[in-house]
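Subject: Structure for you to look at

Dear colleague,

My notes come after it.

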2 protein chains.
Amino acid sequence: MTDRTIKHEEMPEKYGLRGGRWLTSSIVCDEVDPLCHPLGARNKVVIAPGIVTGTSAPTSARLSVGGKSPLTGTIKESNSGAKFSQQIARLGIRAIVVEGQPKEEGSFWTLELDKNGSKLVPTPSNWIGKGLYETVPLLYRKYGGNLGLVAIGAAGEMKMAMAGVSFNDIKGRPSRYAGRGGLGAVLGSKGLKFIVADDTGAPEVEVANKNLFESGRKKLTDALLTHAITKPKGALNAYGTAVLINIINEAGGLPTRNFSNGTFEGATKIAGEAIFDGNKRRLGKELYNHACSPGCIIQCSNTWHKHDGAEHTSCIEYESDWALGANCGIDDLDVIAELNQLCNDYGVDTIEAGGTLAVAMEGGVAKFGDGKKAIELMHEIGRGTPLGRILGSGATVTGKVYGVARVPSVKGQNMPAYEPREIKGIGVTYATSTMGADHTAGYTIAPEILSVGGKLDPLTFEKKGELSRNFQATTAFIDSSGHCLFIAFAILDIASGFEGMVEECNGVLGTSWTGDDVTRIGQEILRMERRFNEAAGFTKAHDRLPEFMKYEKLPPHNTVFDVPDEVLDSVYAF
Amino acid sequence: MTDRTIKHEEMPEKYGLRGGRWLTSSIVCDEVDPLCHPLGARNKVVIAPGIVTGTSAPTSARLSVGGKSPLTGTIKESNSGAKFSQQIARLGIRAIVVEGQPKEEGSFWTLELDKNGSKLVPTPSNWIGKGLYETVPLLYRKYGGNLGLVAIGAAGEMKMAMAGVSFNDIKGRPSRYAGRGGLGAVLGSKGLKFIVADDTGAPEVEVANKNLFESGRKKLTDALLTHAITKPKGALNAYGTAVLINIINEAGGLPTRNFSNGTFEGATKIAGEAIFDGNKRRLGKELYNHACSPGCIIQCSNTWHKHDGAEHTSCIEYESDWALGANCGIDDLDVIAELNQLCNDYGVDTIEAGGTLAVAMEGGVAKFGDGKKAIELMHEIGRGTPLGRILGSGATVTGKVYGVARVPSVKGQNMPAYEPREIKGIGVTYATSTMGADHTAGYTIAPEILSVGGKLDPLTFEKKGELSRNFQATTAFIDSSGHCLFIAFAILDIASGFEGMVEECNGVLGTSWTGDDVTRIGQEILRMERRFNEAAGFTKAHDRLPEFMKYEKLPPHNTVFDVPDEVLDSVYAF
């Protein structure tokens, strides 16, 4: 981006088998100085589709966005489902590496990709500072209906550390996000506003062993269509991820009012069931969820409608619902929907946004439960006022600015929707993940709460080091395969589903990986990311939860985070 | 402060010989969890006079304030000259340890100390939020003319990370600061607004060997009265520390406009000579400087006067002059004086304040050189507006909030008034000091620029690791002795002066330390502080200057910071 040139390079042989997170983290580790400034010219943004992305593998239109995070200072991989991922895979693009930085600030560019090649063109200056729901339709008008899109919103343009990277969903909404870690700000610092792809006329993704791939595809598909969580009209398809609101609330692990309680009195009003029922009431019919990206058979993305039946927002994920709802003491779905929509429009991570609003509320900027004020605060972010810039910098900076000692973050990233004092395993993941506090890095909620992949007491820390380690490694592999992490529900319980995932990869690559290779590759990815973080100055001292969780008892069960440091330090002892 | 109780304890035997920094760092290391939140109930503030403080030793009314810093996250010792230090020494108080935290925010207390004991009383609520130049006269009215004072201003009340700890000078101005590292915010988080002392009727400080002490006192006094820098009507007494403006500017090492140039075209207009001449013009007579605290024979504190001869501010130190002047592109002494006065009034570190204004200017908040806007921004800090809270959080946070990659800080603390690309040794100190970027931690400027204590080329890095190490160790000892660091100019060049300092300590304590013990004790202090920082998560990766200084050439000599990492890592290899 320094001189707006594009270079096409052959895939280096050493990266031959790599895709998704494996590839983005490899390139970041090889090419980015761990001590570089995240918003400086020497950071890079790497975008890579997964190994099977672009094929007919179910629920596999995922990609990874990697770089050094301005939010955490660590390496970062943020993952999203996106039409764009399939399109670049079919265009034969294994990774896009965005480098350098224009000398002058404030000019923005659009990268165009199609079967004829690539081009960088200026983004119209009157599109800058606008909401994505205003500009993305203009892109559709210009590039047509087969648009695959990467975008940053106003927050990314302003280099705010909570800015995510946006992708269009199957209905053209800029609603899917590689949200966490502020990689939208890194794109903003490089002046890259949009990447538009069109795969018309592109060849199919090469598959080395079609029979093996087909066998795997069928096994995984069967598992997904069978498991209670992932099957059609199952938990996710009916209620979306927000089905977790009631479940986690009943467990006493739903962080409420900036992690000061584990239950929220308004939980049932904002739960996935309430979204389903509310839509039914307002639309006069039952509405099941839709896929975020082509080829997904789980189809967990919901849509929330206004009183008059008009669409309000899509999608209200569990973590967004919680962050903008329970964690802010807000129990009104219409308010949560509006906050969610503003996050998508301005281009920020919903989890960091809700966590930040809650820390700001704790610091006296607003009252918990004040939805009107919360909406105003989101607009401050979009406008980039001083207050908006504070909030846009995330919960940790907001806590510093307002002198708040109760900031529930690890490595600068706000915790997601699971209370680690009540569910110890997820606390182990928050503490030790290479990404900062991140539930998707090792989703121990599966056995601790959902009885998926076994059953473990959430309140004890026995076996939680090993559990988190295994989950983090397997997740690193799934994030590289191109599948959505939600296949984990099915493949943890159904052995043939797991086989199917591995066979799909072997089919595409011509490898003969087994389950052991999944662990081996996952651990290799983690080790590499960990080395980057160590060189960036992270130590075991950063693999800890914030002090207050060690001393402050969480109602209703009055638990503290009592996992010994040795357990935390055991996670990366491999 | 949790329940507003006071406990008097005997000095533990292990701390018997310790004072100043040696004692504050010892107590912090022994009692404060390195992973605690700096603004939480488990951090502590320790205030301790030096070993010879309260005696007749020259220039020895210093004290140390210690704790975990909200600005850097490291251990912190911040040092000031203050009447208060002598008073508590005479009251037999070796250290004040402020612990705990009121449950409810916003109530402030005053600690009263005199020969009859100590008492915590509420601070009138209508004194909160006011400038120190308004409230301190009220304290004098209440407590009388012999008041020794510790205070925090509005910034400390609001727990801003650039809030310093203020002390009254010999004329009653709240103008002396243990400024760096935000320990004022820690006092604010504990609800301690003032400490007032009166040593009327207190005994003299015990001196174990009066003859030896007297011999040392005479040697050190002679050295200070002889050396060109420290003698009466010498450089410091005539022009104050601001005598350095022209010297450092001529060397090309005066950081200008947020460290984007090493010379400032307006340097002569803001130099110490200009202050001297300006005062002469406005007062109609020559004005030499005064002592900041009783018993100082260097007397380097200047006063700046308005056109009508009325006092504007005291004191404009070199670093304040630079930070609020050259570094912001401001060349008007009246503007600098006003900014300086506002720093003192609101209770913030002038170095961090100027550094922050410059980063904000780089981020587009104001134009370099716009003094009017700079004054407005200082008032934003005092009022605690959102913008003021950003700025009050210091340069590093301000850089994060405005997405500025050029932030000249180390470990979260903005660099002082010496360009490390031009003067490599001071860069080694910035990088490796246990305190974050801090010139006073190991003032290599002496041999690199001033030809004091030898003469070394500022532009080369040879011997600079060893130089910084030796200076950091000796400084840690001087900071513990109770002497002002400025005695270093004399004792580096005059051997008997150095002997005198050691003899004074031996006289007070009954020890028989030699020069070797100075190094040994200094290194012991550094090692202890370093261990704290390591446990807080700091590694060699934090002993680095910001990335841009490695790549961006500094005019006029087009130098980069090229000191190899091995040299930086050699500093603490002892």
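What follows is an account of the points I would look at, taken topic by topic.

Please keep in mind throughout that this is a predicted model.

The relation between the chains

Two copies of a chain are related by a rotation about an axis and a shift along it. As for the contact between them, the same surface serves both copies, since 100% of the contact residues of chain B recur in chain A.

Chain B holds an open sheet of six strands, which lie in the order β6-β5-β10-β7-β8-β9 and whose pairing is mixed. At the edges stand β6 (117–122) and β9 (176–178) of chain B, each of which has a single partner strand, so that one side of each is left without a neighbour in the sheet. From one strand to the next the twist averages 20 degrees.

Beginning at the β6 end, strand β5 (residues 109–114) of chain B pairs with β6(B) in the antiparallel sense over six bridges, and within this pairing Trp109(B) has Pro122(B) of β6(B) as its bridge partner.

Further along the order comes strand β7 (residues 148–151) of chain B, which is antiparallel to both of the strands described next. Four bridges join β7(B) to strand β10 (residues 192–197) of chain B, and these two run antiparallel; two bridges join β7(B) to strand β8 (residues 165–167) of chain B, again in the antiparallel sense. Ala151(B) takes part on either hand, for its bridge partner in β10(B) is Phe194(B), while its bridge partner in β8(B) is Ser166(B).In a regular strand the side chains alternate between the two faces of the sheet. For β7(B) both faces are covered, because Gly148(B) and Val150(B) on one side and Leu149(B) and Ala151(B) on the other are all buried, buried here standing for a relative accessible area under 20%.

Two helix pairs

Two packed helices are described by the angle between their axes and the distance between the axes. In chain A, helix α12 (residues 333–346) and helix α14 (residues 371–383) pack at an angle of about 5 degrees, and their axes are 10 Å apart. Angles under 35 degrees count as roughly parallel, and α12(A) and α14(A) are therefore roughly parallel to each other. On the side of α12(A) the contact is made by Val335(A), Glu338(A), Leu339(A), Leu342(A), Cys343(A) and Tyr346(A), and on the side of α14(A) by Gly371(A), Ala374(A), Ile375(A), Met378(A), His379(A) and Gly382(A). Sorted by class, this contact has eight nonpolar, three polar and one charged residues.

In chain B, helix α3 (residues 132–143) and helix α12 (residues 333–346) pack at an angle of about 50 degrees, with their axes 7 Å apart. The helices α3(B) and α12(B) are therefore oblique to each other. Leu132(B), Tyr133(B) and Glu134(B) in α3(B) meet Gln341(B), Asn344(B) and Asp345(B) in α12(B), and by class the contact has two nonpolar, two polar and two charged residues.

Backbone points to check in chain A

Most residues other than glycine have a negative phi, and most peptide bonds are trans. The peptide bond from Ser314(A) to Cys315(A) is cis, with omega near 5 degrees, and Cys315(A) has its place in the loop between β12 (311–313) and α11 (318–324) of chain A. The peptide bond from Pro555(A) to Pro556(A) is also cis, with omega near 0 degrees, and Pro556(A) is found in the loop between α23 (548–551) and α24 (565–570) of chain A.

The loop between α23 and α24 of chain A is also the place of Asn558(A), which has a positive phi of about 50 degrees although it is not a glycine. At 48% relative accessibility, Asn558(A) counts as partly exposed. Lys233(A), likewise not a glycine, has a positive phi of about 55 degrees, and its place is in the loop between α6 (210–226) and α7 (235–239) of chain A. With a relative accessibility of 57%, Lys233(A) counts as exposed.

Terms used
Residues numbered from 1 in each chain as written. Chains lettered and ligands numbered in written order. Predicted model: local features only at pLDDT ≥ 70, side-chain atom pairs only at ≥ 80, totals over all residues. Heavy atoms only, no water. Pairing = 2+ DSSP bridges. Axes fitted to C-alpha atoms, helices over the stretch in contact; angles between N-to-C directions. Contact = heavy atoms within 4.5 Å. Parallel < 35°, antiparallel > 145°, perpendicular 65-115°, else oblique. Nonpolar A, V, L, I, M, F, W, Y, C, P; charged D, E, K, R; others polar. Buried < 20%, exposed > 50% of the residue type's maximum accessible area, 1.4 Å probe, protein only.
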